[in-house]
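Dear colleague,

I am passing on a structure for you to look through, and my notes on it follow below. Please keep the model open beside you while you read.

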Amino acid sequence: MKVIVVRSGGFAGLERRGEADTAGDPVLRDLIGQIDLTVPPRRPVPAPDRFVYEITIGDTTVEAGESQLTGPLRALVHHVLR
């Protein structure tokens, strides 16, 4: 399963994109197993110098502000963007 993370915003307004596939990544598979996207994070409130993340797992895409990233979702974002 393909996972795409796009981070935008922040002080410089730069966009960063990462892409990974669960086929060869057992850590990514484990993280996805811990995330429930049927209850997506609340829509982020725009704020100066804050990042916004667009997270796509398979056919599902959610958007989250940096303050909404917790637990496995935060770990997944950092794993894919590194």
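Two strands count as paired if DSSP finds at least two bridges between them, and the strands (E, at least two residues) and helices (H or I, at least four) are themselves DSSP runs, numbered from the N terminus. This is a predicted model, in which local features need pLDDT of at least 70 and side-chain atom pairs count only at pLDDT 80 or more, while totals for chains, interfaces and linings use all residues. Residues are numbered from 1 along each chain as its sequence is written, and side-chain values use heavy atoms, leaving out hydrogens and water.

In β4, Glu63 is the bridge partner of Glu54, and β3 and β4, which run antiparallel, are joined by 6 bridges. The open sheet consists of 4 strands with antiparallel pairing, in the order β2-β1-β3-β4. Its edge strands, β2 (16-21) and β4, each pair on one side only.

Across β1, β2 and β3 lies α2, which runs at about 90 degrees to β1; such angles, from 0 to 180 degrees, are taken between the N-to-C directions of lines fitted to C-alpha atoms, for helices over the stretch in contact (heavy atoms within 4.5 Å).

The largest nonpolar core has 19 residues, and Val3, Val5, Ile55 and Leu76 have the most contacts inside it. To this core α2 gives the most, with 5 residues. A nonpolar core here is a set of buried (under 20% relative accessible area, 1.4 Å probe, protein chains only) Ala, Val, Leu, Ile, Met, Phe, Trp, Tyr and Cys residues joined through side-chain atoms within 4.5 Å.

With best wishes

Key: Buried < 20%, exposed > 50% of the residue type's maximum accessible area, 1.4 Å probe, protein only.
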